[in-house]
Amino acid sequence: MASPEIETLTQALARLPGLGPRSARRAVLHLMKKRETAMAPLLRALEAVNENLAVCSICGNVDTTDPCAICADTRRDARLLCVVEEVSDLWALDRSRLFPGRFHVLGGRLSALEGIRPEDLGIDTLIRRVAAGGIDEVVLAMNATLEGQTTAHYLAERLEPYPVRLTQLAHGLPVGGELDYLDEGTLAQALRARRPVA
């Protein structure tokens with residue numbers, strides 16, 4: 001039986017995405033065994049992030065500075081803007097190092113069932129950024145869900161009056177995917193987005 005403090009730590013870790021009670025217990029045991037090399041640096045890192053956590057006033061990213069490191073990076077192409085639903089989507093795209101531009105986080109997606117309306121998202125901020133000028137292309141990087149595609153369609157309508165090129169991420173066959181294992185929606189998207197063989 002663990003002490004109340006250790007049990008509280010275990011329960012706190014178990015609430016994190018991807019960790020259940022057993023994984024949390026293993027993590028706590030590891031932290032206790034490696035107190036100096038694992039627990040102490042983790043505590044310092046958590047305290048530093050907690051003290052400095054900020055939401056970027058430009059794009060909506062979460063960082064320890066405002067503006068965030070991406071918005072402050074002068075090497076980024078300010079003419080390219082990629083719109084994503086959540087910060088996790090921004091981080092995934094940025095990790096690929098394939099998009100040289102800047103980002104805009106909506107903070108969710110339109111959903112009638114969940115009661116999420118346009119005014120609940122960072123859409124007005126996006127429109128103001130585009131209206132200010134200097135952006136040539138807006139990439140709508142919404143998730144391939146019904147709500148994501150509804151959000152992309154709504155954004156396309158709102159951005160239509162502005163002189164920007166609107167694009168969206170391609171959907172279809174994943175690299176290494178076998179046709180037999182793909183769902184009908186993915187196959188339909190792949191067929192619609194087919195291109196000539198070079």
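Residues are numbered from 1 along each chain as its sequence is written, and side-chain values use heavy atoms, with hydrogens and water left out. As the model is predicted, local features need pLDDT of at least 70 and side-chain atom pairs count only at pLDDT 80 or more, while totals for chains, interfaces and linings use all residues.

The chain contains eight helices and six strands, assigned as DSSP runs (helices: H or I, at least four residues; strands: E, at least two) and numbered from the N terminus. Along the sequence, these elements follow the order α-α-α-β-β-α-β-α-β-α-β-α-β-α. The radius of gyration, taken over C-alpha atoms, is 21 Å, whereas a compact globule of 198 residues would have a value near 16 Å by the rule of 2.2 Å times the number of residues to the power 0.38. The C-alpha atoms fill a box of roughly 60 × 45 × 40 Å along the principal axes. Of the contacts (heavy atoms within 4.5 Å) with a separation of 6 or more, 46% join residues 24 or more positions apart.

Buried residues account for 29% of the 198 residues in the chain; buried denotes under 20% relative accessible area, exposed over 50%, and partly exposed the range in between (1.4 Å probe, protein chains only). The chain exposes about 13500 Å², of which carbon and sulfur atoms supply 56%, as computed by the Shrake-Rupley method with a 1.4 Å probe. There are 23 positive and 26 negative side chains, and the centres of the two sets lie 6 Å apart. In this count Lys and Arg are positive and Asp and Glu negative, with His and the chain ends not counted; each charge is placed at NZ of Lys, CZ of Arg, CG of Asp or CD of Glu.

A disulfide is a covalent bond between the sulfur atoms of two cysteines. With the criterion set at a pair of cysteine sulfur atoms within 2.5 Å, zero disulfides are counted. C56 is buried at 4% relative accessibility, and C59 is buried at 2%.

P163 lies in the loop between α7 (146–159) and β6 (165–168). With a relative accessibility of 79%, P163 is exposed. The C-alpha atoms of P163 and V130 are 9.0 Å apart in space, although the two residues are 33 residues apart in sequence.
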